[in-house]
Amino acid sequence: MAAGGQVQRVLSGMRPTGALHLGHYHGVLKNWIQLQHEYECFFFVADWHALTTHYNEPHVIKDHVWDIVVDWLAAGIDPGNATLFLQSMVPEHAELHLLLSMFTPLGWLERVPSYKDQQDKLQERDLATYGFLGYPLLQGADIMIYRADAVPVGEDQVPHVELTREIARRFNFLYGRDAGFEEKAENAITKLGKKAARLYRERRTAYVERGDHEALEKAHALLEEQQNLSIGDKERLYGYLEGGGKLILREPEALLTEASKVPGLDGQKMSKSYGNTIALRDDPKRVEKELRAMPTDPARVRRNDPGDPDKCPVWQLHQIYTDADVHTWVQEGCRSAGIGCVECKQPLIERILAEQKEMHDRAAIYIEDPTLVRNIIADGCERARDVAEETLVEVRRCMGLDYS
Ligand code: TRP
Ligand code: SF4
């Protein structure tokens, strides 16, 4: 809840580049399911974002857009509680992205860590593109167009939320000021005296243009020391430091989602790129077979060799899926060679299959009748567009684009 008692708004998106797996479920999705009861939630399929890296295989994206929505519904996202939509069906995001691009310094985008990281990681793709460089700004537009208060993201995405905050601040600074504000502020600066005025300007520039927080603190300290400044001028100069404008675009907070600890079928972290996933709505026969073949503590070669659960990925799954009694049974049985690995996996397989059955059951009506999914998304897009349009009207006006 916000200070005013109003429900805060959450926005998050997912790229449709593959079927969702248990790593997504225990990381991101369970978090979304929780959030939908506490916040006003907007969740969207980020098809344009997927194109920034998969522009040469658009069919991959097209194939997964609807599947990913079914995965959400299967996992327990409730379209009665959250607004679900598709990014490209709300083209307002693109207009805001364009308008923001006018005043976004190139250096801010080049400094976003994912820009270089992803280029290094995805060597097989040519990511020296305009779209890829601008992708964190597009993300900023996604967030700001809904005036979202909070954005659940993984650690790798936190710098994108940071960038969004800086863009919002820069927008408000450039376009959000009342008439005459700047003149009054400039006038107040001259009253500081020569030396203090110079320091104030330097520190303000460092903060406004480079986001230097230390400079902001020093500027505050400088104002604190001023004896001969009227309260009005002091307030003005505080405001001038941070733009001092009206807050047209909101600065969002990142809600850090803990990285999922789900091991993949080969014992490494579960990830599509390792080909070791269990999909949310996987075939139960395959799941059972793969889990039976999953590696265990390598020291347990024979049935009589004692093992160490801490060296076993199956134990990591137990920690997610089974209860305390089973945990004790595994710990004791494994270390004393009292149970075999096949036995150890049995309760786990049952729990995973039970969870997956629930998902299959929830998905059934949507697979039977895909128009239900289309309608959920159409409704969501309509709601999203209403909010997005409201923000855009104001942004266009601020940027002098309200011709009539
Ligand atoms: N960039 C995110 C990812 O790769 C997806 C995304 C796009 C997003 N727009 C967003 C997440 C806005 C949060 C908010 O996972
Ligand atoms: Fe892993 Fe269980 Fe085998 Fe121990 S008994 S090595 S925890 S699968």
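1. A337 is buried, with a relative accessible area of 14%; buried means under 20% relative accessible area, exposed over 50%, and partly exposed in between (1.4 Å probe, protein chains only). A337 sits in the loop between helix 16 (324-335) and helix 17 (341-368). Helices (H or I, at least four residues) and strands (E, at least two) are DSSP runs, numbered from the N terminus. Although A337 is not a glycine, its phi is positive, about 60 degrees. Most residues other than glycine have a negative phi.

2. This is a predicted model, in which local features need pLDDT of at least 70 and side-chain atom pairs count only at pLDDT 80 or more, while totals for chains, interfaces and linings use all residues. Residues are numbered from 1 along each chain as its sequence is written, chains are lettered from A and ligands numbered from 1 in the order in which they are written, and side-chain values use heavy atoms, with hydrogens and water left out.

3. R147 also has a positive phi without being a glycine, with a value near 50 degrees. R147 lies in the loop between helix 8 and strand 4. Its side chain forms a salt bridge with E394, the closest N and O atoms being 3.1 Å apart. E394 belongs to helix 18 and R147 to the loop between helix 8 (135-144) and strand 4 (150-153), so the pair ties together parts that are 247 residues apart in sequence. E394 counts as partly exposed because its relative accessibility is 25%.

4. The structure holds 26 salt bridges, a salt bridge being a side-chain nitrogen of Lys or Arg within 4 Å of a carboxyl oxygen of Asp or Glu. Side chains of opposite charge can pair when their charged atoms come close.

5. E92 and R385 form a salt bridge, with 3.3 Å between the closest N and O atoms. This pair links distant parts of the chain, 293 residues apart: E92 is in helix 4 (residues 92-101) and R385 in helix 18. E92 is buried, at 8% relative accessible area, whereas R385 is partly exposed, at 36%.

6. Within helix 13 (residues 231-241), R236 and D233 lie three residues apart, about one turn of the helix. Their side chains meet in a salt bridge (3.1 Å, N to O). D233 is buried, with a relative accessible area of 6%, and R236 counts as partly exposed at 27%.

7. A network of salt bridges links E162, R165, R169, E251 and E253.

8. D379, E382, D386 and E390 form a negative surface patch. Patches are made of residues with over 30% relative accessible area and no salt bridge, like charges being joined within 9 Å and nonpolar side chains (Val, Leu, Ile, Met, Phe, Trp, Tyr) within 5 Å. Asp and Glu count as negative, Lys and Arg as positive; His and the chain ends are not counted. D379 is found in helix 18 (residues 370-398) and counts as partly exposed, at 46% relative accessibility.

9. The domain assignment, which is automatic or from a database, gives domain 1 (3-176 + 251-260 + 370-398), domain 2 (187-241) and domain 3 (281-368). Between the C-alpha centres of domain 2 and domain 3 the distance is 61 Å.

10. A50 lies in helix 2 (residues 47-54) and counts as buried, at 0% relative accessibility. A50 and V60 are ten residues apart in sequence, with 9.3 Å from C-alpha to C-alpha.

Technical notes:
Accessible areas come from the Shrake-Rupley method with a 1.4 Å probe; for residues, only the protein chains shown count as cover. The place of a charge is taken as NZ of Lys, CZ of Arg, CG of Asp or CD of Glu.
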